[in-house]
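Please keep the sequence and the model in view while reading.

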Amino acid sequence: MTRHYEGSCHCGAIKFSYDGEEITQGLRCNCSICRRKGAMMSTEVIPLERLQIEASPEDIGLYQFDTAIAKHYFCKHCGIYTHNETLRAPGSCRVNLGCIDEIDTGDLELVVFDGKNLL
Ligand SMILES: [Zn+2]
């Protein structure tokens, strides 16, 4: 069943929405950046064309490291990390489930992703 989800950074400068699978699980990754952020991400990898971003380009920060394939996006005002384009599936992204108001990340089944050993 497809659901519609809407999310935003803390200050609201970045809003996103997408239609995707029902969120029942959250993904935590042990790579060097994810363990610092501690964010719970969508297990679904969402094609970028299915993710609507509503924000001024100058409000969106981009952080890249190592191979610079993955793209980590954050709000330049409140610092919240909203989504990232994944290393293994460029052109697709995971969203930060904490940005979706109707989701309580504490209620989700935890899936651990071994990102540390990807490369
Ligand atoms: Zn913000």
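Where is Ile 23 found? Ile 23 sits in the loop between S2 and S3. The model is predicted: local features need pLDDT of at least 70, side-chain atom pairs count only at pLDDT 80 or more, and totals for chains, interfaces and linings use all residues. Residues are numbered from 1 along each chain as its sequence is written, and side-chain values use heavy atoms, with hydrogens and water left out. Helices (H or I, at least four residues) and strands (E, at least two) are DSSP runs numbered from the N terminus.

**Zinc site**

- Cys 9, Cys 11, Cys 75 and Cys 78 are the protein donors of the zinc ion, each through SG, at 2.3 to 2.4 Å from it. Donors are N, O and S atoms within 2.8 Å of the metal (3.2 Å for Na, K and Ca); water is not among the atoms, so sites may look incomplete.
- The arrangement is tetrahedral because the 4 donor atoms subtend angles of 107 to 116° around the zinc ion. Four donors count as tetrahedral if all angles lie between 85 and 135 degrees. For four tetrahedral donors the ideal angle at a metal is 109.5 degrees.
- Along the chain, the donors of the zinc ion are spaced as C-x1-C-x63-C-x2-C.
- Cys 9 is in the loop between strand S1 (2-8) and strand S2 (15-21), and Cys 75 is in strand S8 (residues 71-75), so this pair ties together parts that are 66 residues apart in sequence.
- Both Cys 9 and Cys 75 are buried. Buried means under 20% relative accessible area, exposed over 50%, and partly exposed in between (1.4 Å probe, protein chains only).

**Nonpolar cores**

- The largest nonpolar core has 14 residues, and those with the most contacts inside it are Tyr 18, Ile 23, Leu 51, Val 95, Leu 97, Ile 100 and Ile 103. S2 and strand S10 (92-95) are the elements that give two or more residues to this core.
- A nonpolar core is a set of buried Ala, Val, Leu, Ile, Met, Phe, Trp, Tyr and Cys residues joined through side-chain atoms within 4.5 Å.
- A second, separate core has 9 residues, among them Leu 27, Ile 33, Cys 34 and Ala 39.
- Ile 23 has a relative accessible area of 12% and therefore counts as buried. Leaving aside neighbours within four places in sequence, Ile 23 is in contact (heavy atoms within 4.5 Å) with Tyr 5, Tyr 18, Leu 97, Ile 100, Ile 103 and Leu 108.

**Cys 93 in strand S10**

- Cys 93 is placed in strand S10 and is buried, at 0% relative accessibility.
- Not counting residues up to four places away in sequence, Cys 93 touches Glu 44, Val 45, Ile 46, Leu 48, Leu 51, Asn 84, Glu 85 and Thr 86.
- Cys 93 and Leu 48 are 45 residues apart in sequence, with 6.4 Å between their C-alpha atoms.

**Pocket and cavity**

- On a 1 Å grid over the protein atoms alone, a cavity is a set of points where a 1.4 Å probe fits but cannot get out; a pocket is an open set with protein on both sides within 12 Å along at least five of seven lines; lining residues have an atom within 4 Å of a point. Grid points are joined across faces, edges and corners, and a volume is the space filled by probe spheres set on the points.
- The largest pocket holds about 480 Å³ of space. It is lined by 29 residues, of which Cys 29, Cys 31, Leu 87, Gly 115 and Leu 118 are the closest to its centre. S3, H1 and strand S9 (81-85) each give two or more residues to the lining.
- The count is 1 cavity of 30 Å³ or more, and the largest cavity has about 50 Å³ of space.
- Residues lining the largest cavity include Tyr 18, Ile 23, Glu 44 and Leu 97.

**Loop residues**

- Asp 66, in the loop between strand S7 (60-63) and S8, has a positive phi of about 50° although it is not a glycine. Asp 66 is exposed, with a relative accessible area of 64%.
- Ala 68 lies in the loop between S7 and S8 and has a positive phi of about 55°, again without being a glycine. Ala 68 is partly exposed, at a relative accessible area of 40%.
- Ser 32 is in the loop between strand S3 (25-29) and helix H1 (34-37) and is partly exposed, at 34% relative accessibility.

Terms used
Tetrahedral: all angles 85-135°; square planar, octahedral: opposite > 155°, others 65-115°.
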